[in-house]
Amino acid sequence: MNSLASKSLVSINDFSPDEIERILDMASRFEQSPPGKILDSKVIAALFFEPSTRTRLSFESAVNRLGGRIIGFAEAGTSSVSKGESLKDTVLTVSNYSDLIVMRHSIEGSARYASEISPVPVINAGDGSNQHPTQTLLDLYSIQKTQGTLDGLNIFMVGDLKYGRTVHSLLMALSNYNTTFNFISPTELRMPEEYKLFLEKKGIKYYEHDDFTEIISRADIVYMTRVQRERFSDPLEYEKVKNIYVLRKEMLANTKENLKILHPLPRVNEIDRDVDDSPKAYYFEQALNGVYVRQAIISSILDVL
Amino acid sequence: MEKAKQLSVSAIKNGTVIDHIPADSLFTVITILGLEHISNQITFGTNLESKKFGKKAIIKVSEVYFTEEEINKIALVAPAARLNIIRNYEVVEKHELTLPDKIEGIARCFNPTCITNHEPIKTRFSIISQKPLRLKCHYCEKITDEEHLTII
């Protein structure tokens, strides 16, 4: 019995820890031995109301490699939305043409709403600052693959912890695995209280810092995010902190052997280019992992195995 | 003195009296209960003196008895309200309100980029904390607190 069959994936909390484990196991099997054209005759609609080249291409690659077809649009300007069509009408119409909808939208909650009105399942590929669960699953997969476990790891989250949806969803998912968190951010971009409260309630340890040069030697995973200038009300504050949250190669000198650097990409300047050559840099492999994970999610929801 | 108080809003024979409503929430309570759409006799008084609130409001609705689910909706804006069921001019039952776990279509989501503020969708919240009041939007998953709470 596949409990994920016909189920929508809107928020990481929609999947139980068991279901998450099944997705990660399946992704690993797909990586080791590609399953062939198991999506033959399936049509997947990719509705990207907001452009996101990386996520869209990753989904397209995942579907194409499994023999499925993708229809859809890459930005709202080329869809009927530009003529004033409501989200409901677009979703109901497109659901007639497809077996599954993958949707990206700048409005928070749009994917949940779509999943409630659509007769076919919906995968959220990012709804504003809210959720991006396939990113979270590929982050979990990357951590498990490189560390051999999700349990008992020391996870460093660096940069914009206030607005970054990827760190929030990853935090929620990792809270099931006895994780120790270290949050490194400027004061303005600290982890919101609600997430810290959530960890406290679950008895998960976390520590907050404003610099990580001294403590990086303890990390199993460093999850980098970008500190954006526009997040600061005072431009001087940005100037003061902008270089503190940049990872440089020399900082990796005394780090653990198993340390891996993750980043949801796109990267701007928060990881120096010379880090790319280090065996500890993992962000491009992380992006590749996204294809296997999305294949596992789509195959499970369409129940083709 | 007691007599003068009772006369401030006339008694009803059968129905429901909702007392101890904060005066500034009276019209919100009327809206939440949909009282403007019913044809029964309704009397209300506001800015009445109250030891608890300073100023309170009271509503008396003839021949109407609310379900627990209906009445608990007003707990958001009038948590200390008391419900008296009246039969033949006598109070036969008294109830306090309980805030429900989930509410629908009453409050507006504080997040301007939430889908409920862009498409005609009934809002849905789970109440994650009563004191201080914190509502989590079912759609955008953002928190609306008491300070930013708007009743639709």
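A residue is called buried if 20 or more other C-beta atoms lie within 10 Å of its own, exposed if 12 or fewer do, and partly exposed in between, with the C-beta atoms placed from the backbone. B:Y89 sits in the loop between β4 (82-87) and β5 (90-96) of chain B, and its phi is positive, about 70 degrees, although it is not a glycine. Helices (H or I, at least four residues) and strands (E, at least two) are DSSP runs, numbered from the N terminus.

Before going on, a word about the model and its labels. This is a predicted model, in which local features need pLDDT of at least 70 and side-chain atom pairs count only at pLDDT 80 or more, while totals for chains, interfaces and linings use all residues. Residues are numbered from 1 along each chain as its sequence is written, and chains are lettered from A and ligands numbered from 1 in the order in which they are written.

Let us stay with chain B for a moment. Its secondary structure comes to three helices and eleven strands, and along the sequence they follow the pattern α-β-α-β-β-α-β-β-β-β-β-β-β-β. The C-alpha trace of chain B spans about 50 × 30 × 20 Å along its principal axes, and 29% of its 152 residues are buried. Chain B is divided into domain 1 (2-96) and domain 2 (102-151); such bounds come from an automatic or database domain assignment. The C-alpha centres of these two domains of chain B lie 26 Å apart. Where do they touch? Six residues of domain 1 of chain B are in contact with four residues of domain 2 of chain B, where contact means that the C-beta atoms, placed from the backbone, lie within 7 Å. In the loop between β8 (124-129) and β9 (134-137) of chain B you can find B:P132, and the peptide bond from B:K131 to B:P132 is cis, with omega near -5 degrees.

Now move to chain A. Its domain assignment gives domain 1 (12-131 + 289-302) and domain 2 (134-287). Here 18 residues of domain 1 of chain A are in contact with 20 residues of domain 2 of chain A. On the domain 1 side, α1 (17-32), β4 (122-127) and α9 of chain A each give two or more residues. By class, that side divides into ten nonpolar, six polar and two charged residues. In this grouping, Ala, Val, Leu, Ile, Met, Phe, Trp, Tyr, Cys and Pro count as nonpolar, Asp, Glu, Lys and Arg as charged, and the others, Gly among them, as polar.

Within chain A, strands β1 (residues 43-48) and β2 (residues 69-73) run parallel and are joined by five bridges; strands pair if DSSP finds at least two bridges between them. One example is A:I44, whose bridge partner in β2(A) is A:I70.

How do the two chains meet? 13 residues of chain A are in contact with 15 residues of chain B. On the chain A side, α4(A) gives the most, with three residues. Helix α4(A) is also largely enclosed by the rest of the structure, because six of its eight residues are buried. Its buried residues are covered by elements including α3, β3 (100-105) and β4 of chain A.

Finally, look inside. A nonpolar core is a set of buried Ala, Val, Leu, Ile, Met, Phe, Trp, Tyr and Cys residues joined through C-beta atoms within 7 Å. The largest one has 114 residues, and those touching the most other members are A:I101, A:V102, A:F156, A:V222, A:Y223 and B:I74. Helix α9 (residues 283-302) of chain A supplies the largest share of this core, eight residues. A:V222 lies in strand β8 (residues 221-224) of chain A and counts as buried because it has 26 C-beta neighbours inside 10 Å. The C-alpha atoms of A:V222 and A:I155 are separated by 6.2 Å, although the two are 67 residues apart along the chain.

Conventions:
Two residues are in contact if their C-beta atoms, placed from the backbone, lie within 7 Å.
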